[in-house]
Amino acid sequence: MAEPTPMMRQFLEIKERCKDCILFFRLGDFYEMFFEDAQIASRELELVLTGKDCGLAERAPMCGVPYHAALSYIGRLVSKGYKVAVCEQMEDPSVAKGIVKRDIVRIYTPGTVTDDQMLSQKRNNFIAAIFEFRNMYGISAADITTGEMYLTSLTVGSTYNHLANEIARFAPSEIIINAQSESIQRIKNFAGTIGNAFVTSVAEDTFDYENGKKHIEDINLNGDRKTVYAQLLKDELAVRACGALLSYIEDTQKTHLSNQITATHYKVDEFMAI
């Protein structure tokens, strides 16, 4: 039975950790893409699709871009709603013994880009997290380029209508929502009517309350911290949404960011338009 080459085995192991991303795999002066990633990138970026012997029965579809021009290609993919994982060489190939160590150093998504050439200078680039439980919602929205975050929950009345209003208020470019939400399709449809928000469901445990509490202990809070902190801990839905959003952001940025965030906890009926 054919076995993948050591380099291709490394690629497949790293790809397994970012299945929902197009993997930019650094090989020398190029980022290479393989298999389905290569087929998608060649189509979306108008790149020549070639093949590479990889130890398997058939050559692996392959395409690539120069590393110094990668950001513009990544921006084009992200603008189309794709997530891009960048895998770098973690040691000097000239001194490496065996296969060069590689690892993911950044994941680009529509709501987590920070590079000026990928952003509009005229408006915020919000990413939102929505936690739904029994027709109630916790909402967290953040712009990581400015460090601002807004937290609230919707528990009474026409909660979905209020949710739609909040989505329209922030006009996020990306929304994450708990996988068990019954409103995913409605949110996707609505997000499509107000802009190009890309909606992704994530694992339920990402919205764990204890995870949210840990993040809230680390972020800055607008107002008297002791008072706001106590009020926020009672807002379980908002805490869950906050924790999920910050976990997602830090996973894509591959760095700790919570202490750079300043959050405003608000009630929908008392919050003026941003």
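## Lining of the largest cavity

By class, the lining of the largest cavity has seven nonpolar residues, no polar ones and one charged residue. Here Ala, Val, Leu, Ile, Met, Phe, Trp, Tyr, Cys and Pro count as nonpolar, Asp, Glu, Lys and Arg as charged, and the others, Gly among them, as polar. The lining residues are Ala128, Ile130, Ile139, Leu163, Glu166, Ile167, Phe170 and Pro172. Two elements give two or more residues to this lining: strand S7 (127–133) and helix H4 (159–170). H4 provides the largest share, four residues. Helices (H or I, at least four residues) and strands (E, at least two) are DSSP runs, numbered from the N terminus.

The volume of the largest cavity is about 30 Å³. The count of cavities of 30 Å³ or more is one. A cavity is a set of points on a 1 Å grid over the protein atoms alone, where a 1.4 Å probe fits but cannot get out; lining residues have an atom within 4 Å of a point. Grid points are joined across faces, edges and corners, and a volume is the space filled by probe spheres set on the points.

## Basis of the model

This is a predicted model: local features need pLDDT of at least 70, side-chain atom pairs count only at pLDDT 80 or more, and totals for chains, interfaces and linings use all residues. Residues are numbered from 1 along each chain as its sequence is written, and side-chain values use heavy atoms, with hydrogens and water left out.

## Cysteines

The whole structure holds zero disulfides. Cys21 is in none; the nearest cysteine sulfur, that of Cys18, is 5.0 Å away. A disulfide is a pair of cysteine sulfur atoms within 2.5 Å.

Cys21 has 4% relative accessibility, so it counts as buried. Cys63 is buried too, with a relative accessible area of 2%. Buried means under 20% relative accessible area, exposed over 50%, and partly exposed in between (1.4 Å probe, protein chains only).

## Aromatic pairs and charges over rings

A pair of aromatic rings is described by the distance of the centres and the angle of the planes. The count here is nine aromatic pairs. In one of them, the rings of Phe25 and Phe34 have centres 6.4 Å apart and planes at 70°, so this pair is edge-to-face. Rings of Phe, Tyr and Trp (its six-membered ring) pair if their centres lie within 6.5 Å; planes under 30 degrees apart count as stacked, over 60 as edge-to-face and the rest as tilted. Phe25 and Phe34 are both buried. Ring pairs also link them with Phe11 and Phe35 into a cluster.

Arg26 sits over two rings. Its charged end is 5.6 Å from the ring centre of Tyr31. Arg26 also lies over the face of Tyr67, at 4.2 Å from the ring centre. A charge sits over a ring if NZ of Lys or CZ of Arg is within 6 Å of the ring centre and within 35 degrees of the ring normal.

Ile40 lies in helix H2 (residues 35–45). Ile40 is buried, with a relative accessible area of 14%. Its C-alpha atom is separated by 39 Å from that of Lys213, 173 residues apart along the chain.

Helix H3 spans residues 70–79 and contains Arg76. Arg76 is partly exposed, at 35% relative accessible area. Buried residues in H3 include Ala70, Tyr73, Ile74, Gly75, Leu77 and Val78. C-alpha to C-alpha, Arg76 and Ala230 are 43 Å apart in space, and they are 154 residues apart in sequence. Helix H5 (residues 184–194) holds Ile194. With 36% relative accessibility, Ile194 counts as partly exposed. Ile194 and Ala129 are 65 residues apart in sequence and 17 Å apart in space, C-alpha to C-alpha.

## Positive phi

Gly81 follows H3 and has a positive phi, near 95°. Asn135 is not a glycine, yet its phi is positive, at about 65°. Asn135 lies in the loop between S7 and strand S8 (136–143).

Ala171 is another residue other than glycine with a positive phi, near 45°. Ala171 lies in the loop between H4 and strand S10 (174–178). At 33% relative accessibility, Ala171 is partly exposed.

Methods:
1 Å grid on protein atoms, 1.4 Å probe; cavity = no way out; pocket = protein on both sides within 12 Å on 5 of 7 lines; lining within 4 Å.
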